[in-house]
Amino acid sequence: MATWLFGNQEQLNTDCNSCPEWFKRYTSFTTANKLFVEEVNESARRSNIEVFITYCALDTYSLLKSLVCPESPFEKIFDELKTMLYNHFKPKPVKTFQCYLFSNCQQKPDQPVADYIEEIRTIVQKCRFGFSSTGKSS
């Protein structure tokens with residue numbers, strides 16, 4: 001008997017530029033298709049990992065094995081694997097380098113002011129100067 005799945009989920013590749021978005025889509029896909037179950041026992045935990053690994057491309061699975069080495073991905077829970085991949089694909093920016101980018105940021109000749117301000121805001125968020133978006137010190 002064939003089982004129909006709602007939607008379509010692409011594989012997670014190592015060249016993924018939007019890892020958080022992929023995981024949001026994956027979570028929606030597995031929830032809609034009742035593929036993800038509460039990890040109440042070892043069997044459920046392993047089932048979640050097996051479903052997740054089937055949606056990892058070969059290069060991503062190899063990367064995952066190296067990230068958890070000397071353990072196996074099957075010894076981890078889904079959230080641990082997810083965090084490891086998040087941290088690998090999107091490491092935290094180095095504050096010193098971001099401050100350097102901020103101090104050297106200049107408006108390009110044909111760049112609208114609104115775009116320049118948005119560029120500065122993006123860089124400042126990664127600098128962690130200690131101010132919130134309202135301008136008050138945190």
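Helices α3 and α4 are roughly perpendicular to each other, a class that covers angles of 65 to 115 degrees, whereas angles under 35 degrees count as roughly parallel, over 145 as roughly antiparallel and the rest as oblique. The axes of α3 and α4 cross at roughly 100 degrees and come within 11 Å. This is a predicted model, in which local features need pLDDT of at least 70 and side-chain atom pairs count only at pLDDT 80 or more, while totals for chains, interfaces and linings use all residues. Residues are numbered from 1 along each chain as its sequence is written, and side-chain values use heavy atoms, with hydrogens and water left out.

**Overall organisation**

- The protein chain holds six helices and zero strands; helices (H or I, at least four residues) and strands (E, at least two) are DSSP runs, numbered from the N terminus.
- Of the 138 residues of the protein chain, 26% count as buried. Buried means under 20% relative accessible area, exposed over 50%, and partly exposed in between (1.4 Å probe, protein chains only).
- Among contacts with a separation of 6 or more in the protein chain, 55% are between residues 24 or more positions apart. A contact means heavy atoms within 4.5 Å.

**Helix packing**

- Two packed helices are described by the angle between their axes and the distance between the axes. Axes are lines fitted to C-alpha atoms, for helices over the stretch in contact, and angles run from 0 to 180 degrees between N-to-C directions.
- On the α3 side, T60, L63, L64, L67 and V68 make the contact with L81, M84, L85, H88 and F89 of α4.
- Helix α5 (residues 95-103) packs against helix α6 (residues 113-127) at an angle of about 155 degrees, with the axes 8 Å apart. The pair α5 and α6 is therefore roughly antiparallel.
- In this second pair, K95, Q98, C99, L101 and F102 of α5 meet I120, I123, V124, K126 and C127 of α6.

**Nonpolar core**

- The largest nonpolar core has 19 residues, of which W22, F23, Y26, F52 and L85 touch the most other members. Such a core is a set of buried Ala, Val, Leu, Ile, Met, Phe, Trp, Tyr and Cys residues joined through side-chain atoms within 4.5 Å.
- The elements contributing two or more residues to this core are α1 (19-32), α2 (42-54), α3 (58-68) and α4 (78-89). Helix α1 provides the largest share, five residues.
- Apart from its neighbours within four places in sequence, F52 is in contact with W22, F23, Y26, L64, F78, L81 and L85.

**The segment before α1**

- E10 is found in the segment before α1 and is partly exposed, with a relative accessible area of 38%.
- Leaving aside neighbours within four places in sequence, E10 is in contact with W22, R25 and Y55.
- E10 and W22 are twelve residues apart in sequence, and their C-alpha atoms are 8.5 Å apart in space.

**Cysteines and the cis peptide bond**

- The whole structure contains zero disulfides, a disulfide being a pair of cysteine sulfur atoms within 2.5 Å.
- C56 is buried, with a relative accessible area of 6%, whereas C69 is exposed at 55%.
- Most peptide bonds are trans. The bond from C69 to P70 is cis, with omega near 15 degrees, and P70 is found in the loop between α3 and α4.
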